[in-house]
Amino acid sequence: MQQLLYFLKRFRYFLLFLLLEIVALILTVNQHSYHQSKVVNSANQITGGLFNKVNTINEFFLLKDENQTLADENIRLKNQLEQIKQFQNLPSDSVTNIASQAVAYFGAKIINNNFSKRNNVLTINAGSNNGIEQDMGVINSKGIIGVTQRTSGNFSTVLSILNSNSKINVRLKKSDTQGTLTWNGLDYNICQIEDIPRQALLEVGDTIITGGKSAIFPEGIPVGVVKDFQFEHNIYKEINITLFNDMSAIGHVQVIKNFRKKEQELLEQQANN
């Protein structure tokens with residue numbers, strides 16, 4: 001208290017001057033509309049700019065939640081679409097639910113992304129506790145990403161399409177011409193297609209989708225477009241595909257569960273014996 005009194009005594013003339021200046025400013029603003037409008041406008045600009053900055057910061061921190069909300073909504077809509085597809089093929093007195101779908105989608109996020117190695121493996125933040133099993137297809141809204149490899153309770157590794165061991169059935173969207181998607185290890189944006197028959201009518205810009213012969217990926221999931229190819233001695237030697245996905249920047253994904261996968265694989269195994 002003594003220090004405060006000392007401060008007021010020492011700077012009493014300056015404080016008095018400052019008080020008189022504030023009073024004069026208030027009187028001037030109140031008595032002149034021009035000055036009043038200027039002060040109001042300046043205050044509005046300052047507060048408006050401050051509110052805008054605060055709103056921008058809030059939007060940045062809320063962006064993660066917004067992305068998760070959109071990803072969850074996408075999963076829900078995909079599952080509803082599969083239920084509708086299944087319902088259309090059922091008798092009119094049947095009741096459909098997620099267990100009667102041909103496929104279902106589970107949400108996850110890439111937490112470890114590799115794309116620069118020869119054999120790339122990814123990690124997602126969902127595992128057996130979330131219904132994830134080995135050999136499930138992993139996609140996002142742009143296209144295919146890989147196949148689940150190993151699972152723990154809360155995590156799973158994914159064999160990326162950027163892996164020498166990855167071989168996925170694909171086809172031309174404009175026809176039933178089938179092939180196999182592989183990767184030569186050079187460019188993470190470019191994959192290759194093998195086993196395209198020589199009679200196929202292939203053009204640069206053709207869209208490639210999943211072929212539907214695999215029990216892992218349903219038919220029609222986007223893959224990429226034909227970038228270029230070599231056709232020599234009546235044989236397609238190299239077909240390069242520009243992927244729809246930027247494999248260096250992937251986040252939220254969907255994991256596909258095929259409820260009929262085991263039944264299909266068992267029947268095919270019996271047929272091959």
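**Exercise 1.** Find which residues touch the most other members of the largest nonpolar core, then list what phenylalanine 217 is in contact with.

Solution. A nonpolar core is a set of buried Ala, Val, Leu, Ile, Met, Phe, Trp, Tyr and Cys residues joined through side-chain atoms within 4.5 Å. The largest one has 43 residues, and those touching the most other members are Ile144, Ile161, Leu181, Ile193, Ile208, Phe217 and Ile239. This is a predicted model, where local features need pLDDT of at least 70 and side-chain atom pairs pLDDT 80 or more, while totals for chains, interfaces and linings use all residues. Residues are numbered from 1 along each chain as its sequence is written, and side-chain values use heavy atoms, without hydrogens and water.

Next, take phenylalanine 217 and set aside neighbours within four places in sequence. Its contacts (heavy atoms within 4.5 Å) include Ile144, Val147, Ile168 and Ile256.

**Exercise 2.** Decide whether leucine 18 is buried, partly exposed or exposed.

Solution. Buried means under 20% relative accessible area, exposed over 50%, and partly exposed in between (1.4 Å probe, protein chains only). Leucine 18 has 39% relative accessibility, so this residue counts as partly exposed. Leucine 18 lies in helix H2, residues 12–31 (a DSSP run of H or I, at least four residues).

Note on methods:
Helix = DSSP H or I, 4+ residues; strand = E, 2+ residues; numbered from the N terminus.
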